[in-house]
Amino acid sequence: MKQSNQTRASLCRASSVLFAVLLLVGCRTRRSSPFIGLSPQQSRALVQQLALRRDQELQADLRSAFASHPPQSILILSGGDAHGAFGCGILSGWRNAPGGRPKFDVVTGVSTGALIAAFAFLGEEQDDATLREVYTTIRDKDVFDLLNFEPPNSVFGTAPLKRLIAKHVTPRVFRRVAAAHREGRRLYVTTVELESGAVCIWPLSKIAFDSVHPSSTSISTADPAADPGEAGEIDPAGLERFRKILLGAAAIPFFFPPVEIDGGLHSDAGLREAISLRLFMLGLDRAADVASGKPSTGQNTTDKPATGNSPPTVWAILNGKLRSPPEPVGNNLLSLGPRSLEIYNETVVILSLRDAAHVAATHNPPFQFRWLSEPDELDTGPGPGLFHPMFDPVVMKRLYMAGQPLGQAGAPAWKHGPPPLDADHLDPQDQ
């Protein structure tokens with residue numbers, strides 16, 4: 001993803017001196033770390049135990065939604081920092097596509113995609129308007145402070161981003177997410193826990209559902225036409241947890257401070273994967289049921305798609321270019337380092353996309369896999385650096401406008417299947 005690659009490579013140049021300063025401050029292990037005093041074998045055993053518990057909880061949550069019917073439309077959103085504006089433009093234009101935009105059964109997000117995910121999940125025009133406002137008007141000062149020395153765990157501070165999340169993830173939005181969960185839809189975002197290195201998938205819609213309790217008034221009226229954003233009493237701790245997870249999901253390692261959640265240090269999952277999709281998110285697997293000898297309680301030959309006769313589909317939005325163009329590289333550290341990081345990051349993107357396509361294809365029944373990325377010819381100007389901001393409204397509006405016609409074109413604009421691993425072995429549809 002070129003935008004994410006450019007962003008982080010440029011920030012690497014801009015922050016090299018600050019990095020040296022931070023090293024001088026020193027480092028120490030957190031007293032609350034669960035890995036203190038453990039041997040490597042014990043640490044691995046603890047990580048496996050925690051991962052198993054998370055997987056069991058996630059699978060139970062998904063079974064509760066899709067035990068009697070499979071999901072039909074799944075949206076997965078990548079990272080990309082300010083280039084999330086491109087994905088927001090796609091979502092806006094998609095509303096006016098032939099046949100309209102699907103109502104997604106599952107939405108997942110990584111990094112900036114996690115911030116977009118909640119509003120894509122809700123999917124109303126008011127949510128598109130929120131995304132348009134945020135991703136075409138914000139500036140660096142709305143996302144991060146220039147320095148962060150308390151504690152010295154990142155180059156920048158994210159107090160502005162925390163305020164921005166609180167401004168838009170309102171109690172009303174929180175209640176609406178809970179209502180969508182009650183309908184049987186699911187919202188997930190991912191982080192990386194830095195001590196274990198594990199990817200953590202957070203069931204945000206379940207967190208909202210568990211934190212919104214029917215009030216005595218809502219129980220007595222029980223009006224089916226009532227606004228779901230106004231009904232129910234909220235547990236403030238649940239809302240704060242929801243916002244904290246979003247902050248952690250958007251915490252670019254080294255540049256933004258990690259967020260401590262449940263005793264772990266959580267950062268942007270882009271360290272591990274560009275997009276998030278797991279086999280169990282696609283519903284119960286018929287082959288697994290047959291192999292285990294269990295009677296099928298989920299998908300069967302009589303299951304009907306949720307929307308007409310359209311096949312089940314995974315839609316992936318990459319907020320950036322799939323590959324960066326060739327460019328001259330100086331034989332010096334400040335040129336070689338960022339370019340190497342850029343190539344590494346785009347490899348993570350391509351492999352993540354291919355993995356998601358494989359997951360969709362190998363499920364029983366298989367899902368179609370469709371994806372979009374920024375057009376190669378799209379010019380977004382210089383990337384962020386000492387003299388160029390990360391969040392530039394002029395650039396973000398250009399990205400937003402580039403995404404709209406692709407969304408409005410509907411399914412024909414989306415690419416099919418996995419992307420080629422090498423740029424010189426293009427899929428015939430791209431030639």
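An axis here is a line fitted to C-alpha atoms, for a helix over the stretch in contact, and the angle between two axes runs from 0 to 180 degrees between N-to-C directions. The model is predicted. Two packed helices are described by the angle between their axes and the distance between the axes.

| Helix pair | Angle | Axis distance |
|---|---|---|
| Helix 5 (residues 112-122) and helix 8 (residues 171-182) | about 60° | 10 Å |
| Helix 8 and helix 11 (residues 236-249) | about 90° | 11 Å |

**Helix 5 on helix 8**

The angle of about 60° makes helix 5 oblique to helix 8. The crossing is left-handed. Helix 5 brings F119, F121 and L122 to the contact, and helix 8 brings V173, R176, V177 and A180. Six of these residues are nonpolar, none is polar and one is charged.

**Helix 8 on helix 11**

On helix 8, P171, F174 and V177 take part. They meet G238, L239, F242 and R243 of helix 11. By class, this contact has five nonpolar residues, one polar and one charged.

**Helix 6**

Helix 6 (residues 125-137) has 13 residues. At 1.5 Å a residue, helix 6 should span 18 Å, and its end C-alpha atoms are 18 Å apart, so the two values agree. Which residues of helix 6 are buried? They are D127, D128, T130, L131, V134, Y135 and T136. Their cover includes helix 4 (84-94), helix 5, helix 7 (159-168), helix 8 and helix 14 (393-408).

Key: Residues are numbered from 1 along each chain as its sequence is written. This is a predicted model: local features need pLDDT of at least 70, side-chain atom pairs count only at pLDDT 80 or more; totals for chains, interfaces and linings use all residues. Side-chain values use heavy atoms; hydrogens and water are left out. Helices (H or I, at least four residues) and strands (E, at least two) are DSSP runs, numbered from the N terminus. Angles under 35 degrees count as roughly parallel, over 145 as roughly antiparallel, 65 to 115 as roughly perpendicular and the rest as oblique. A crossing is left-handed if the near helix is turned anticlockwise from the far one by less than a right angle, and right-handed if clockwise. Contact means heavy atoms within 4.5 Å. Ala, Val, Leu, Ile, Met, Phe, Trp, Tyr, Cys and Pro count as nonpolar, Asp, Glu, Lys and Arg as charged, and the others, Gly among them, as polar. The expected span of a helix is 1.5 Å times one less than its number of residues. Buried means under 20% relative accessible area, exposed over 50%, partly exposed in between (1.4 Å probe, protein chains only).
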